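Okay, let me get the model up on the screen. I want to talk about the holes inside it.

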Amino acid sequence: MINVVPINPFIGANISGVDLNVLSDSDFDIIYQAFLKHKVIFFRDQCLEPEHHLALAQRFGCLEEPHPFFPHVDNYPQISVIETTRGNPPGESFWHTDMTWQAAPPKCSILFGSLIPNEGGDTIWVSMEAVLNTLPLDIKERVMNLTAVHGLHAFEGSRFDSKDEKGQSSVAEKSKSISQVTHPMIARHPETGLETLYINEQFTRCVNGLDDKESQTLLKTLYGVARQPEFQVRFQWQKGSVAIWDNRCTQHFAVTDYGDTPRRLHRVTVIGEPVIPA
């Protein structure tokens, strides 16, 4: 029997009593409704082989093409590998919503813990719906009709970058074909209809219509609200853990406190749609 246990009033639920490899339609419906309600859902003791991982993700929607910078599982280009190896620790981490530099950012992602350190490496998610709802009315009214520019940041020079024989960055080369995009700062969830603050520290570059100082001051204020722990959930990874999050109304942050201890996660991402203004 599936058991859904909320973690706090704003975000996160633990789900037990289910094998993600053999979901009935009714089981999946329970999981999907929990996903919409709690924004990020967690499972333990799963064994997601690549074909099962893809099959699970396809129940949420069509799959993204291979990530432009992440490596992938051999013979499974849509399963990205996020890996730390000896001598190759992760770099600086940023709060982010995945791939908002796309015109239609992802709907959700399914992340599977394949190799997990004994200590460290947690991931934190925040409900951007809760963040919006706690904003003072004057700030909310100010950002209601504003838009912001989103673009690439922090991939060049990271563990996902490489140099060719001329010392050229592979990320820099691929980035030439990726333009900046504009999204509303307050968006409407396409399924629940709820409003969310749609910015993130890694990919939001500036607010349209404001000078640079005003733009950065406003964004800094909003980021500060998003860092309040009461709107967050922190997940401690174990081998076989799975996290599924709604990329349309959350940000997340990878805690990189484990040095170069080997760690490997597999991620499949589901295609989204253009961001809907509130």
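So, strands E5 (76-84) and E16 (263-270) each give at least two residues to the lining of the second largest cavity, strands here being DSSP runs of at least two residues, numbered from the N terminus. E5 has the largest share of that lining, three residues. By cavity I mean a set of points on a 1 Å grid, over the protein atoms alone, where a 1.4 Å probe fits but cannot get out; lining residues have an atom within 4 Å of a point.

This is a predicted model, where local features need pLDDT of at least 70, side-chain atom pairs count only at 80 or more, and totals for chains, interfaces and linings use all residues. Numbering runs from 1 along each chain as its sequence is written, and side-chain values use heavy atoms, with hydrogens and water left out.

Back to that second cavity: it holds about 70 Å³, a volume being the space filled by probe spheres set on the points, which are joined across faces, edges and corners. Its lining includes Glu64, Glu65, His67, Met99 and Arg267.

How many cavities of 30 Å³ or more are there? Three.

Residues 156-164 fall below 50, though.

Note on methods:
pLDDT is the predictor's confidence in each residue, from 0 to 100. Contact means heavy atoms within 4.5 Å. On a 1 Å grid over the protein atoms alone, a cavity is a set of points where a 1.4 Å probe fits but cannot get out, and a pocket is an open set with protein on both sides within 12 Å along at least five of seven lines; lining residues have an atom within 4 Å of a point. Helices (H or I, at least four residues) and strands (E, at least two) are DSSP runs, numbered from the N terminus.
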